[in-house]
Amino acid sequence: NLYSLPYAESLGKSIAMNEKSRKKVVFLLVPPNFFGHRHFHERKLAALRSVKVPAKAVAFVPESLFQARKEAYKSVNSDDFDIVTYKRKISKSFLMAKYFYRELALKRHVIVHALRETTVPLIILRKCLFLSARLKIAQEFEGDNRSEFIYNKEFCDPDRPPDYPKKLSNVIKYKIIAFFDFFKAQNADALILMSKEHAELWTQRLVGRKKMFIFPTLPLPDDVFFDRNARAEIRKNLGVDDKIIFVYVGNVTCTWQRLSGMFKVFKEISEVYPTARFLVLTRVEDFKLVKDEAKNFNVEDRLVLKNVPHEEVYKYLSASDLGLFLRHSHIMNKVVTSGKLGEYLASGLPVVTTGANSRNLNDFIKMNDMGVFVDDNLGTDVEIEEKIEHIVANLPDYSERNALAVSFHESMNLTNVVNIDYPRFLTEL
């Protein structure tokens, strides 16, 4: 039950579109570089509009960034996105307060869903002008900022990064991040979080009750699924018909992706299965990093490197046999429902993983025998090799892959979360 978390309030079964609710308007306050998640934002807008709630995304963009990516910003639909540019950081707060005050002046009930953006100007605006009744803030945390900071600053591999800072300079910065996150969360009307673990974490941190909504970043059934025809076509085009394909999808510059770790695991497995190939789908600008790492592990001849549009990723996942998802057992990783891992499972793809995920994804993998769990140090032993051998021996089982993909979508129920639960939650604020 999405609303069975501590302090989460149960909601009504339907949205009464009375005169008051018709005056409500929802804004998605998104970061300047929103392009990577643009399709998620557009999906939220469509869900809100489907229940007759006016909705729009707004991004406050530095003038320098706008000029550098002018064509990209001009390509967005003005009905969906407002782009507000500013020259100085101090003017951003003023422009944000002005933008939303203008909406409030129209006698509207304004609901702001903020993602990776400051809400301090809005908090100050409604406190100074006594607008709490007509300006509501739903603060989304896409992960845990403070633990992400420590992971990056004190990263070590294969030893896992610490959960809490050790260096004095990092302790100070950690506390500053924690303070501002707490300030935004405590002054929000509701929190939008990624998993039950994420909600439990914030429940421990906050003072008093807070409405919470679980909104995992998982794919919808129409976006990612198992495609038998695409599998045959892609494997033929890549020349890997008779190969065992391990796959990784995403950028490789973030330390938590553990690029070296993935090549370590692949090399050990490929020594047992010489026909194994490693398919990496990543950005063109990351190709050199991947090639260099392949060279370090002496597996250049087994690397297949591609850059494909996001809407075609499911085809390559369908063509693959095992996905690699190797994260450290760290707070940052354990509170999120990874969209990457979700895409693997949504295509019926078995995985090799450390299990540093939200519990619901781990439970699904275990219940459906969809993967192999390795420890943080990424050691492969006879037991792990036997499990991989069992998976390989059953490839390709098209009916099972399709059944697992369907089962994943039914289990996660994201279609209803996006189209029904999310609009209902926001419009009840």
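Two residues are said to be in contact, or to touch, when they have heavy atoms within 4.5 Å of each other. The structure is a predicted model, in which local features need pLDDT of at least 70 and side-chain atom pairs count only at pLDDT 80 or more, while totals for chains, interfaces and linings use all residues. Residues are numbered from 1 along each chain as its sequence is written, and side-chain values use heavy atoms, with hydrogens and water left out.

**The whole protein**

Display the protein as a cartoon. Its secondary structure comes to 19 helices and 13 strands; these are DSSP runs numbered from the N terminus, with helices being H or I of at least four residues and strands being E of at least two. The radius of gyration is 23 Å, close to the 22 Å that the globule rule gives for 429 residues, so the protein is as compact as a globular protein of that length. This radius is taken over C-alpha atoms, and the rule is 2.2 Å times the number of residues to the power 0.38. Of the contacts with a separation of 6 or more, 74% are between residues 24 or more positions apart.

**The nonpolar cores**

Next, select Phe246, Phe278, Tyr344, Leu345 and Leu426, the residues with the most contacts inside the largest nonpolar core, which has 92 residues. Such a core is a set of buried Ala, Val, Leu, Ile, Met, Phe, Trp, Tyr and Cys residues joined through side-chain atoms within 4.5 Å. Buried means under 20% relative accessible area, exposed over 50%, and partly exposed in between, using a 1.4 Å probe and protein chains only. Centre the view on Phe246: residues that it touches include Phe266, Ile269, Leu322 and Val352. Then select Leu104, Val112, Leu131 and Ala185, which are among the 30 residues of a second, separate core.

**Helix α7**

Select residues 145-153, which form helix α7. Its buried residues are Arg146, Ser147, Glu148, Phe149, Ile150 and Tyr151.

**Ser260**

Finally, select Ser260 in helix α11 (residues 259-272). Is Ser260 buried or partly exposed? Ser260 is partly exposed, with a relative accessible area of 35%. Leaving aside residues up to four places away in sequence, Ser260 touches Glu293 and Phe297.
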